[in-house]
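Colleague: I'd like to learn how to read a model like this one. Could you walk me through it?

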Amino acid sequence: MSVLTRDEAQTRAQTLDVERYTIALDLTTGEETFDSRTAIRFTARAAGDTFVEVKPATLRSVSLDGQSLDPALLDGNRYPLTGLAAGPHELRIDATMHYSRTGEGMHRFTDPTDGETYVYTQLFMEDVQRVFAAFDQPDLKSVFAIDVTAPEGWTVLGNGVAEHTGEGHWSIAPTPLVSTYLVAVAAGPWHSVTTEHAGLPFGIHCRRSLAPYLDADADEILDITRACYDRYHEKFDEPYPFDSYDQAFVPEFNAGAMENPGLVTFRDEFVYRSAVTHTERQTRAMVIAHEMAHMWFGDLVTLTWWDDIWLNESFAEYMGYQTLTEVTLPRALDSGRAGKSPFPDTWVDFGVTRKGWGYDADQRPSTHPVAPDPDAVPDTASALLNFDGISYAKGASALRQLVAWLGEKDFLAGINTHFARHRFANATLADFIDNLASATDRDVHAWAEQWLRTTGIDTLTAETGTPEPSSPAELAANGSGNGRGDGSGSGQSWSLAVTRDGSRPHRVTVGAYDHALNTQAGPGHLALRDRFDIDLPGDGTPTVRPGRRPALVVLNDGDLTYAKIRLDTASWDTVLTGLSGIPDALTRAVLWNTARDMVRDAQLPPATYLATVRTHLPHETDLALVQGVLSFAAGQVVDRYVVPEDLPAARATLTDLCRDLIRRTEDGSQPGLRLIAVRHFIDAATQPDTLRSWLDEGTVHGGPELDPELRWRILTRLAALGATDETAIAAALEADPSATGREGAARCRAALPTAEAKAAAWDALFTDDTLSNYLFTATAQGFWQPGQEELLGPYVSRFYPEAIALAARRGPAIAEAAGRHAFPAYAIDPMSLGTGIRALEDPDLIPALRRKLVDQLDDLRRALAVRSAVALAD
């Protein structure tokens with residue numbers, strides 16, 4: 001199959017104007033294939049040759065302007081159109097297409113709970129060719145009119161309002177001008193909740209087996225949807241550009257969600273079967289806000305080529321988090337937030353989860369600019385690699401810094417100019433920057449070059465001191481006391497010098513904190529004394545502030561820029577002893593990120609990090625911080641950075657912490673914190689007794705009762721410990737025969753510490769090619785387990801050649817899953833690194849897997865460096 005190059009796309013865009021697709025899909029022809037008939041009306045601007053893309057099971061017929069063409073001329077995924085005359089044409093293609101089991105193209109899923117079948121499209125990048133023939137590039141926008149024949153009893157959803165015309169036939173209202181990758185169809189016996197808002201039909205949809213869970217949250221989901229819709233209409237001059245707004249929660253979805261205009265698709269894990277925390281509900285709400293922002297930025301105005309994917313994702317990421325802090329709901333999600341945003345602390349979650357994703361990606365060899373040079377994205381295969389923490393988290397951080405520097409009023413004015421100039425068309429980075437520049441006197445072009453065209457992370461390092469006054473006048477200017485008890489007017493002063501290792505300008509807020517005195521906060525708490533902004537780089541002159549030197553000086557207080565932060569020595573000492581006593585959660589997030597970066601850079605021993613976690617996390621009130629810090633402590637520090645001889649103590653630290661949090665939440669006042677603690681206690685357990693007791697009794701002592709998620713989590717850990725067997729797994733699956741139950745059973749079976757279980761799991765992953773994308777991921781997640789190194793050793797070298805062959809057979813989605821989840825992440829040794837580096841030379845390595853291996857091997861190299869630093873220190 002040929003990937004589309006940027007040069008080919010530019011040539012075709014200069015050659016063709018595409019007016020309309022008329023598509024007929026027949027979903028009643030069997031379980032393996034469906035029929036696809038496409039008529040494309042287009043105009044050739046001049047005589048010449050071009051091609052159309054299609055990936056059929058069987059190409060039955062092709063005709064151009066009524067003349068039959070030879071289907072055998074199909075070359076891979078391209079059908080040549082030679083000798084085109086200038087003027088209008090109609091191309092008709094009739095084909096049989098394969099259903100997908102990997103979440104690409106037209107994915108087909110049969111629900112094991114009730115036997116009902118669902119199909120939906122995911123056409124991103126170049127997968128439209130798996131569903132219908134197309135001139136498949138984002139800047140050949142067109143109108144799409146789709147008819148669908150579906151089994152009786154099914155409902156069909158699409159980009160526009162769908163009308164059932166009888167006998168299983170559905171007609172979807174034609175779209176306005178949209179790109180090929182944004183076309184969407186979802187069909188099946190959906191359970192739907194519908195309403196109307198602002199004169200438009202709104203709906204949410206899921207599989208029938210999930211109906212009770214969707215109904216339980218329907219008011220919340222629809223309230224958030226309506227609130228975001230209204231808030232975007234306050235921000236944007238351009239009204240919502242489509243005729244309806246449906247949100248379908250679909251099975252085995254590869255991404256978090258997809259911004260198809262009028263029909264957003266979400267992974268149906270967002271329909272919660274089990275208990276979740278407020279932060280997890282916030283994540284779902286943020287994804288709703290993120291995808292709705294795409295209706296304007298991405299759908300109304302679309303990138304011209306894939307080098308500008310950040311324009312879609314960074315904007316939606318920024319808008320999703322920011323808008324969620326601003327909306328209010330008619331029904332408060334908790335009694336203390338009536339009339340206020342139910343999610344006022346979204347940027348804390350961004351700081352402790354998404355931002356780390358960006359920081360990590362930006363320090364790997366695969367890093368790239370937020371806005372890469374067009375020559376760096378020569379084809380669709382290379383473009384697919386840029387959907388990472390840089391295009392999302394770093395890009396959103398850059399926009400947040402831009403808003404801090406530009407001001408929100410001018411930022412939104414530029415955005416609205418962008419929408420007005422390019423509505424239902426395409427735009428480039430240059431267009432975007434020009435439109436922002438039209439709203440301000442600031443040099444946005446220079447800002448873009450420094451922020452969007454560069455790679456890596458700047459490091460901002462603080463040094464504080466107590467300068468000597470240069471004259472009696474300066475001493476007098478400092479004042480002689482103000483009675484505040486902080487020394488801020490006592491004739492003293494302190495200085496702050498910031499060094500920047502990097503090239504970008506930064507506007508940062510500095511927070512100065514003192515130990516709290518004479519307050520009800522208690523010992524160990526810190527109080528904000530002063531907060532001020534500085535611009536970097538400055539003129540080199542230290543900033544001088546009145547008062548004695550603070551106990552803690554925090555650069556990037558408020559987290560408005562994207563940089564590593566290093567504190568002065570005295571401030572870092574204060575953090576180690578007083579982190580939980582800092583009043584603002586976003587400030588704490590900045591400091592936890594500093595500690596995270598220092599561990600990864602081998603500047604803070606893993607044991608010190610874990611001791612800090614043990615000291616301060618029991619007092620943390622923000623659930624996003626608790627979850628983010630515990631996840632890094634368990635998944636990276638303990639599993640990868642701690643040297644083997646220190647592992648028992650490290651695991652005991654985590655177990656003791658979780659046990660402490662469980663004890664502290666027995667009164668039921670903090671169910672979210674208790675749930676996080678229970679989950680991590682299960683994952684960290686080294687002995688099976690407590691877990692067996694909970695599983696046998698169906699409840700954690702003191703609550704909560706075990707829901708499906710907790711049951712499978714416990715059983716997975718017992719499997720890894722060798723404390724359960726196939727009989728128990730089969731019984732659990734019989735009790736929960738759902739799709740997530742099947743995934744749980746696959747994960748458990750792969751985790752069993754027996755040679756037979758590992759061999760069966762390996763065969764399922766790399767040989768038989770029948771696992772769906774989700775079952776593949778679950779099996780891979782179970783396979784590699786800490787503590788099973790002797791059993792797993794022979795598979796480390798096998799992984800590389802077998803993963804390379806698998807990726808070539810099954811394509812990018814499975815390649816990405818193999819590189820992410822089936823990689824031997826727990827084999828932290830130089831031999832594993834060397835084997836992986838040699839594998840990168842394999843000529844059969846497809847780009848999607850190569851990128852994952854490059855990243856994984858760099859993380860392995862970093863883990864070895866951290867362990868080496870610990871060994872040297874000892």
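Colleague: Let's start with a strand pair: which residue in strand 27 is the bridge partner of Ala 512?

Modeller: That's Val 553. Before going on, a caution: this is a predicted model, where local features need pLDDT of at least 70 and side-chain atom pairs count only at pLDDT 80 or more, while totals for chains, interfaces and linings use all residues. Residues are numbered from 1 along each chain as its sequence is written, and side-chain values use heavy atoms, leaving out hydrogens and water.

Colleague: What counts as a strand, and when do two strands pair?

Modeller: Strands (E, at least two residues) and helices (H or I, at least four) are DSSP runs numbered from the N terminus. Two strands pair if DSSP finds at least two bridges between them. Here, strand 24 (residues 506–515) and strand 27 pair in the antiparallel sense over 4 bridges.

Colleague: In what order do the strands of that sheet run?

Modeller: The order is 25-24-27, an open sheet of 3 strands with antiparallel pairing. Strand 25 (526–536) and strand 27 (552–555) are the edge strands, each pairing on one side only. From one strand to the next, the twist averages 20°.

Colleague: Which strands does helix 12 touch?

Modeller: Contact means heavy atoms within 4.5 Å. For directions, axes are lines fitted to C-alpha atoms (for helices, over the stretch in contact), and angles run from 0 to 180 degrees between N-to-C directions. Helix 12 (residues 569–578) packs on the sheet and touches strand 24, strand 25 and strand 27, with its direction at about 100° to that of strand 27. Helix 13 (residues 585–600) also packs on the sheet, touching strand 24, strand 25 and strand 27, and makes about 85° with strand 27.

Colleague: Now helix against helix. At what angle do helix 7 and helix 10 cross?

Modeller: Angles under 35 degrees count as roughly parallel, over 145 as roughly antiparallel, 65 to 115 as roughly perpendicular, and the rest as oblique. The axes of helix 7 (residues 390–406) and helix 10 (residues 444–452) come within 11 Å and cross at roughly 150°. So helix 7 is roughly antiparallel to helix 10. Among the residues making the contact are Trp 405 of helix 7 and Trp 447 and Trp 451 of helix 10.

Colleague: How do the residues of that contact divide by class?

Modeller: Ala, Val, Leu, Ile, Met, Phe, Trp, Tyr, Cys and Pro count as nonpolar, Asp, Glu, Lys and Arg as charged, and the others, Gly among them, as polar. The contact of helix 7 with helix 10 has 8 nonpolar, 1 polar and no charged residues.

Colleague: And how do helix 12 and helix 14 cross?

Modeller: Their axes come within 8 Å and cross at roughly 50°, helix 14 being residues 606–616. Helix 12 and helix 14 are therefore oblique to each other. The contact includes Val 575 and Leu 576 of helix 12 and His 616 of helix 14. By class, this contact has 2 nonpolar, 5 polar and no charged residues.

Colleague: Is Glu 167 buried or exposed?

Modeller: Buried means under 20% relative accessible area, exposed over 50%, and partly exposed in between (1.4 Å probe, protein chains only). Glu 167 counts as exposed, at 67% relative accessibility.
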